[in-house]
Amino acid sequence: MRAIDTALEEWLLARLDTGARGSGIDPADAAAALGGSDSPLHEPARNAARRLVARGLAEMVQRGAVVDPSTAKGPVTLRRPR
């Protein structure tokens, strides 16, 4: 795994740990935080979110419902599992 992939996962986990229970984090926020507003890290950030879901550390949510990260299209948020 590349250093940026690890950094994206760590950023997402840190925000999940500091947010209110049930609140969501947009993976695009990680991309912007680590790569700037025109960051090429949007897809790597979404992949980092998928890895966290696969490890059981987070859930991917769209319109209030948990979704399968492999098929989700459009904006998603990440939250701690309930």
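The model is predicted: local features need pLDDT of at least 70, side-chain atom pairs count only at pLDDT 80 or more, and totals for chains, interfaces and linings use all residues. Residues are numbered from 1 along each chain as its sequence is written, and side-chain values use heavy atoms, without hydrogens and water.

**Helix pair**
- Helix α1 spans residues 3-18 and helix α2 residues 27-35; helices are DSSP runs of H or I, at least four residues, and strands are runs of E, at least two.
- Their axes come within 10 Å and cross at roughly 120 degrees; axes are lines fitted to C-alpha atoms over the stretch in contact, with angles from 0 to 180 degrees between N-to-C directions.
- In α1, I4, A7, L8, W11 and L12 meet α2 residues, including P27 and L34 (contact: heavy atoms within 4.5 Å).

**Salt bridges**
- The whole structure holds 6 salt bridges (a side-chain nitrogen of Lys or Arg within 4 Å of a carboxyl oxygen of Asp or Glu).
- R2 pairs with D5 at 3.2 Å, N to O. R2 is partly exposed at 49% relative accessible area, while D5 is buried at 10% (buried is under 20%, exposed over 50%, partly exposed in between; 1.4 Å probe, protein chains only).
- R50 and E43 form a salt bridge, with the closest N and O atoms 3.0 Å apart. Both are partly exposed, R50 at 24% and E43 at 44%.
- R79 bridges to E59, with the closest N and O atoms 2.8 Å apart. This pair links distant parts of the chain, strand β3 (residues 77-79) and strand β1 (residues 59-62).
- R79 is buried at 10% relative accessibility, and E59 is buried at 16%.
- E9, R51 and R55 are joined in a salt-bridge network.
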